[in-house]
Amino acid sequence: CSAVAPTNHRQNLLQAGSDNNYYIDATYTPTSIPTALADGIWIVTANAERNNSSASYIVFIVDRPVTVYVAYDAGATSLPDWLDPATSGFQDALLDIQVTDPVTPALHVYSQNFPAGTVSLGGNLATGASGADSNYAVIVTEQ
């Protein structure tokens with residue numbers, strides 16, 4: 001991934017356990033990572049941006065075909081339209097990531113394949129979303 005925006009976001013290869021924060025502004029870590037995501041590159045966002053409602057919140061460029069996984073608050077009552085399998089190209093990946101965030105202890109994972117080029121993802125509370133207490137996480141794997 002390159003040209004990640006907002007520019008305060010960064011990339012990291014995360015593993016379960018300490019010193020693997022998936023937010024730039026909180027010390028929450030994954031306690032388990034499904035095997036399918038084990039070698040994925042995480043785009044580390046800010047949990048303070050959990051109320052972002054824009055249509056284009058994260059933008060990045062990939063130089064090869066990738067699968068983008070979005071780990072969204074498992075306790076949310078509804079997904080944003082850009083992530084909802086009924087209204088987007090994302091599908092339920094049938095995976096969960098357990099995390100140390102006491103407000104959102106589990107993130108449910110959705111996936112979509114993208115060709116090389118620009119990837120744009122909407123805000124955590126974009127149109128359609130309800131009940132998400134923490135920001136989502138993004139994991140990118142090579143196809």
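Predicted model: local features only at pLDDT ≥ 70, side-chain atom pairs only at ≥ 80, totals over all residues.
## Nonpolar cores

The largest nonpolar core contains 23 residues, and Phe60, Val68, Leu121, Tyr136 and Val138 have the most contacts inside it. At least two residues of this core come from each of strands S4 (58-62), S5 (66-73), S7, S8 (117-121) and S9 (137-142). S5 supplies the largest share, 4 residues.

Beyond its neighbours within four places in sequence, tyrosine 136 is in contact with residues including Tyr23, Ile58, Val70, Trp82, Leu121 and Asn124.

## Salt bridges

The model has 2 salt bridges. In one, the closest N and O atoms of aspartate 63 and arginine 64 are 2.8 Å apart. In the other, between glutamate 142 and arginine 64, the corresponding distance is 3.5 Å. The latter pair links distant parts of the chain, 78 residues apart: glutamate 142 is in strand S9, and arginine 64 is in the loop between S4 and S5.

Aspartate 63 counts as exposed because its relative accessibility is 60%, and glutamate 142 counts as exposed at 56%. Arginine 64, with a relative accessible area of 37%, is partly exposed.

## Aspartate 101

Aspartate 101 is located in the loop between strands S6 (91-98) and S7 (106-114). Aspartate 101 is buried but has no salt bridge; arginine 50, the nearest side chain of opposite charge, is 7.6 Å away.

The side chain of aspartate 101 makes a polar contact of 2.7 Å with that of serine 134. Not counting residues up to four places away in sequence, aspartate 101 touches Tyr22, Tyr28 and Ser134.

Terms used. Residues numbered from 1 in each chain as written. Heavy atoms only, no water. Buried < 20%, exposed > 50% of the residue type's maximum accessible area, 1.4 Å probe, protein only. Lys, Arg positive; Asp, Glu negative; His and termini not counted. Salt bridge = Lys/Arg side-chain N within 4 Å of Asp/Glu carboxyl O. Polar contact = N/O pair within 3.5 Å; in protein donor to acceptor, adjacent residues only side chain to side chain. Contact = heavy atoms within 4.5 Å. Core = buried A, V, L, I, M, F, W, Y, C linked by side-chain atoms within 4.5 Å.
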